[in-house]
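Dear colleague,

I am passing this structure on to you, and I would ask you to open it before you read the notes that follow it.

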Amino acid sequence: MLIKKKTYTFAALKINCMKRYIVFIVLVMVFFSCTQNNSKEKEMSTTISTQVVDETVRELEAKFPASDKELLRRGVQITGKFWLERDGSPNEFKQFCLDNYEPQNKKQLLERFSKNLENVYGRFIQVSTQVQFALHVGNEPLLPVDEVFASWSPFAHLNDDWFDNKLALILHLNFPYYSLDERNTKGFQWSDEENAAVNLGLNFASRVPSKVQQKANETATRTELYISNYNIYMNNIVDEKGEKHFPKDMRLISHWGLRDELKSNYVDRSETGLLKQKLLYELMLRIINQDIPQEFINTEGNDYCPSNNKFFKNGKETAFERENDVRYAFLLEVFNAEKASDEYSPLYPDAIKRAFDQGLEMTFDEVETIFTTFLSASVNKEIGKYISNQLGRPLQAYDIWYDGFKTRSAISEDDLTAKTAKMFPNAQTLQKQLPEILQTLGYSKERATEICKYIAVDAARGSGHAMGAGMRSDISRLRVRIPETGLNYNGFNVAMHEFGHNVEQTVSMYDIDNYMNTGIPNTAFTEALAFIFQKRDLDVLGYAETNPDKQKMTTLDIYWGALEIMGVALVDMYAWQWMYANPDASPQQLKAAVIDIAKNLWNKYFAPVFGITDSPILAIYSHMISYPLYLAAYPVGHLIEFQLEQHLEGKNFAAEIDRIYRIGHRSPTVWMTKAVGSKLSAEAFIKAASEALGALR
Ligand SMILES: [Zn+2]
């Protein structure tokens, strides 16, 4: 789940589990949901002309002859881009700059902004944590009012307020924005103070009017509803002979539920297992192509055969209306709502830049290059052959979800649960033992105690999440479901993942001097440490791994999963490029384009591995419709994890984790280079997979 402070007010709240992006989107919506319509809202100003900028710069240079000219111009230019007509006339703009540009006080100004932002972000997060407490913690019955509390956010008006009282404009004038490219190159030379000044300038990066944001929220809510109501009653799915294979009461959401059911059938090697997988795959293709009957979606009672696209009412074949490209109409709506923010986001002028340069702090091209390198690796074909051998049949397109790399530990799950339940009967005992857990990972007693002082354990309502503090006097929260019988093994595994987040949250907050430098580049960097902790869960329980293949199988499991997600992430990315190139497209045209993109990607990267051409299956992800441009972050977390693991080998785990997570918020390129000596790349992960496969064979 969430949370983390800073950088761009709203994007500020960082999620700590990739699995939980839903929460993030809901929160983003919530932040804006109570903003008011302002009929006087003017569009982003063009009143500040180049001439006004030039004049202002000249006057400021005369006033501050010793100041850095490049920095001065940059500040005036960026402030001009954010200046609205209602902020004042061009003359008032000039006067505002003359009054508020303070190069002689830059250090104090940086301190003042850092301190106040730490207080604002930190306390707002405390308040959010508190009003959401009932929803997240304990097992008391919820009151209807709890959801209302949880959906309110103190952040809702911050952006508006700080632009209206011109604090955000003073910030941009004195701490101008640096592009990702500049941060990736110049960032290596910056002192802590210079880096903090640049990080400060990344805040308040857009000035989207509330009515535009409101519209985007409404679209997001409707899209989310469309996806969350896209269920299939599986007992109504029939094969070509009219026979049913799925249990009564099985209702699956597209695509997550369908995919998980497909995965679970790998254990059933009979004809039925295969047939069920085939039916699920064909159903997905009908959804992608939108020829699924409209009235079959989310409705129980009538039968449907996805293999031949026949629909039956009371056992009789019936003509039907297909879904008619609603899926793509929603995607277009999301696109248009996002695009409406473009003109108010001068620093990140399109949704792709906001998702990549701003959110992930990696460019579209950088991510694309890493993913395509990975997807082109020669080992992929070898892994495909290995899977085909294991399955005893040629690969099918749906084997992108092959689930056979999961290993059972030599110790039964029941035995593990007996141990964890005894060790951790409740939240208090887990809390008490956190320092010992860190010690088993190699931390000294003193350091372990120091870190754990800032981590509180709560019994979660859901499966678990980690919430970071937003200020130095606050703590982070480790939340995990603890049944009355004590923490089960699965819960302990989740707790280790969340604990990894908490350690990152603590080190990257408390061990960094300047608040603006606290944190990490993006969510993928905290996921990496969460994965690293999670993988060491059995070490902590005192079980040396006895299955010699476990590590290798896990590596291949993650690798094969990453291959699939990189594929679908690229479909998502290219679809957005296509929409920007074709903003007036119809849903039908968008559908054709998405299917085309998915097939091309398949033919280029997956067909050589699978021996099958033209599958559009990579277009099935529902994230693409309701949480667009987010998928790329997930495999990036695993890439970082493998580079970190490779680096940690043979080194002092605790000392290195401390050193690495003290790097703080730098661009990912600078961070990775300082952390492991090389920038983010696909190579470490590919190498690990090759070695794992070699050893298994
Ligand atoms: Zn996580």
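Ser476 has its place in strand E8, where helices (H or I, at least four residues) and strands (E, at least two) are DSSP runs, numbered from the N terminus. Please keep in mind that this is a predicted model, in which local features need pLDDT of at least 70 and side-chain atom pairs count only at pLDDT 80 or more, while totals for chains, interfaces and linings use all residues. Residues are numbered from 1 along each chain as its sequence is written, and side-chain values use heavy atoms, with hydrogens and water left out.

With a relative accessible area of 3%, Ser476 is buried; the word buried means under 20% relative accessible area, exposed means over 50%, and partly exposed is in between (1.4 Å probe, protein chains only). Its side chain makes a polar contact with the side chain of Asn502, at 3.3 Å. A polar contact here is a pair of N or O atoms within 3.5 Å; within protein, one must be able to donate a hydrogen and the other to accept it, and residues adjacent in sequence count only if both atoms are side-chain atoms. If neighbours within four places in sequence are left aside, the residues in contact with Ser476 include Tyr454, Ile455, Met467 and Gln505, contact being heavy atoms within 4.5 Å.

**Salt bridges**

How many salt bridges does the structure hold? There are 39 of them, each being a side-chain nitrogen of Lys or Arg within 4 Å of a carboxyl oxygen of Asp or Glu.

One of them joins the side chains of Arg479 and Asp458, with 3.0 Å from N to O. This pair links distant parts of the chain, since Arg479 is in strand E8 (residues 476-480) and Asp458 is in strand E6 (residues 455-459), 21 residues apart. Arg479 counts as buried at 0% relative accessibility, and Asp458 is buried too, with a relative accessible area of 12%. Elsewhere, salt bridges that share partners join Glu70, Arg74, Glu182 and Lys186 into one network.

Lys107 and Glu193 form another salt bridge, in which the closest N and O atoms are 3.1 Å apart. Because Lys107 lies in helix H5 (residues 106-131) and Glu193 in helix H11 (residues 192-200), the pair ties together parts that are 86 residues apart in sequence. Lys107 is partly exposed, with a relative accessible area of 46%, and Glu193 is partly exposed at 39%.

A further salt bridge is found where the side chains of Arg73 and Asp54 meet (3.1 Å, N to O). Here Arg73 is in helix H3 (residues 69-82) and Asp54 is in helix H2 (residues 50-63), so that the pair links parts of the chain 19 residues apart. Arg73 counts as partly exposed at 31% relative accessibility, and Asp54 counts as partly exposed at 24%.

**Helix H3**

The 14 residues of H3 should span 20 Å at 1.5 Å a residue, and this agrees with its end C-alpha atoms, which are 20 Å apart; the expected span is 1.5 Å times one less than the number of residues. Among the buried residues of H3 are Leu71, Val76, Ile78 and Phe82, and what covers the buried residues includes H2, H5 and helix H4 (90-100).
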